[in-house]
Structures are given as C-alpha cells and as structure tokens.
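This note is written for a colleague who is meeting the structure for the first time. Please read the points below with the model at hand.

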Amino acid sequence: SIIHNSVGKVFEEKHYEPKIVKQYDFISIRGNLDGSKYCVDIINELAMNNPDLRFLIIGRGEFFDHFKKAKNVTWIDKVLKHEEMIKFLNQSKCGLLLTRQDTQGVMTCEMATFGLPVITSDIAVCHEILDDFDNVELINNDNTNIDLKPILEKLIKGIPYKKNEKYFSINTCGAEVKLYKNLLRE
C-alpha cells in the first residue's frame, strides 16, 4: 500500500488569493539551495533567459556565493515556517519547483494544494504525484531557453482552481490508520 505524505494543515485550510498584488512571477522555496537535486541552477538559468519575469528564491545555502545570480532574481536567505510561506505565495503568480529526483515533492504538493499555479519537472515521480492537479504544468529540465510567459499565462487563466484534496491529512494519515486497523484484523 502506497500512502503519500500529507501537506501542512495551513495548505489545506487556506486558499491562494489571486487578487493580492503580485510582486513576483515565480517563487521557489527550498530549505537548502546547495544540492544539485534542487535545480537552483536551472531556475537561475531560466531567470536569465526570461529577463522580463521576476523570480523569488527563498532558502539557505551558498549557491549564490559560487554562481552569479540572475538580475531578476530576489533571494531571501531564510528558512520559512508554513505560516510565513503563505504571505510569499500570495505575492507570487506561480510556483517554480524543479527537481532532478523526488526531493521536494511535499513542498510542490503543498503549493498545488494551496491553489497556486505550479511548474515542476517533467520526470516520472512528478507525474505520479501531480498529474491529477489542474494547476500544475511540467517542463523539461534540459530546456532552460523555454519561454515561461505562455505557460504562466495558461496557468493564470485557470484561477481559481478547485481545491484538490489528494494530500489532505484525512486522505493520507487517515488512510494509514485505516490500513493499520485492517492489518490488525488480519
């Protein structure tokens, strides 16, 4: 039995607010910027290749000590609590959470569950966890020359999105309790 992790309660209870003035086109939140699996290099390249769009990257690390930050990237060197994330998500038009492997699936699921449009990587695990979300688009990690504006415009047209409850605790933790009780009966 495969039971996914649940999202934080705040992402279940609150909704993306599209009418708040947006300071950023894209937001990427990472606890740690420094692992290649988190694709900060790709996000930075996408920003360089889409200079008319505004990117926000939040997370700790030394990545920008070693690589030039795109001029249209704002970096906040901080780890956020869930409640703090909501403010930044509502200031953004779209989440940009790329991955080279299954490394930030919960954060991506949280943003998508919250109702924020999200772009992530076109890899098998992202299809597995996000294919049934209307507010998610997948892109190829190898194409940093992609024009993000048409994808962003397509996603924005769908707002507001129906709340997808796939990762609500009742469907994750609740499923674990049900499985455990079934195992005890056997």
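The numbered points cover the basis of the model, its fold, its salt bridges and its surface.

1. Basis of the model. The model is predicted: local features need pLDDT of at least 70, side-chain atom pairs count only at pLDDT 80 or more, and totals for chains, interfaces and linings use all residues. Residues are numbered from 1 along each chain as its sequence is written, and side-chain values use heavy atoms, with hydrogens and water left out.

2. Overall architecture. The protein contains eight helices and six strands; helices (H or I, at least four residues) and strands (E, at least two) are DSSP runs, numbered from the N terminus. Along the sequence these elements give the pattern α-β-α-β-α-β-α-β-α-β-α-β-α-α. Of the 186 residues, 47% count as buried. Buried stands for under 20% relative accessible area, exposed for over 50%, and partly exposed for values in between (1.4 Å probe, protein chains only).

3. Strand pairing. Two strands pair if DSSP finds at least two bridges between them. Strand S4 (residues 92–97) runs parallel to strand S5 (residues 118–121), and three bridges join them; Gly 95 has Val 118 as its bridge partner in S5. S5 also pairs in the parallel sense with strand S6 (residues 136–139), over four bridges. Here Thr 120 has Leu 138 as its bridge partner in S6.

4. Salt bridges. The structure holds nine salt bridges, each defined as a side-chain nitrogen of Lys or Arg within 4 Å of a carboxyl oxygen of Asp or Glu. One of them links Glu 84 and Lys 78, with the closest N and O atoms 3.0 Å apart. Glu 84 is partly exposed at 28% relative accessible area, and Lys 78 is partly exposed at 33%.

5. A contact between two loops. Lys 166 and Asp 132 form a salt bridge through their side chains (3.5 Å, N to O). Lys 166 lies in the loop between helix H7 (148–157) and helix H8 (169–185), and Asp 132 in the loop between helix H6 (124–130) and S6, so the pair ties together parts that are 34 residues apart in sequence. Lys 166 is partly exposed, with 23% relative accessible area, and Asp 132 is partly exposed, with 43%.

6. A contact between strand and helix. Glu 137 and Lys 154 form a salt bridge whose closest N and O atoms are 2.8 Å apart. This pair links distant parts of the chain, with Glu 137 in strand S6 and Lys 154 in helix H7, 17 residues apart. Glu 137 is partly exposed, at 21% relative accessible area, whereas Lys 154 is exposed, at 52%.

7. Negative surface patch. Asp 34, Glu 62, Asp 65 and Asp 77 form a negative surface patch. Patches are made of residues with over 30% relative accessible area and no salt bridge; like charges are joined within 9 Å, and nonpolar side chains (Val, Leu, Ile, Met, Phe, Trp, Tyr) within 5 Å. Glu 62 sits in the loop between strand S2 (55–60) and helix H3 (63–66), and is partly exposed with a relative accessible area of 46%.

8. Asp 147 belongs to the loop between S6 and H7 and is partly exposed at 46% relative accessibility. The C-alpha atoms of Asp 147 and Leu 46 are separated by 8.5 Å, although the two are 101 residues apart along the chain.

How values were computed: Accessible areas come from the Shrake-Rupley method with a 1.4 Å probe; for residues, only the protein chains shown count as cover. Lys and Arg count as positive and Asp and Glu as negative; His and the chain ends are not counted. The place of a charge is taken as NZ of Lys, CZ of Arg, CG of Asp or CD of Glu.
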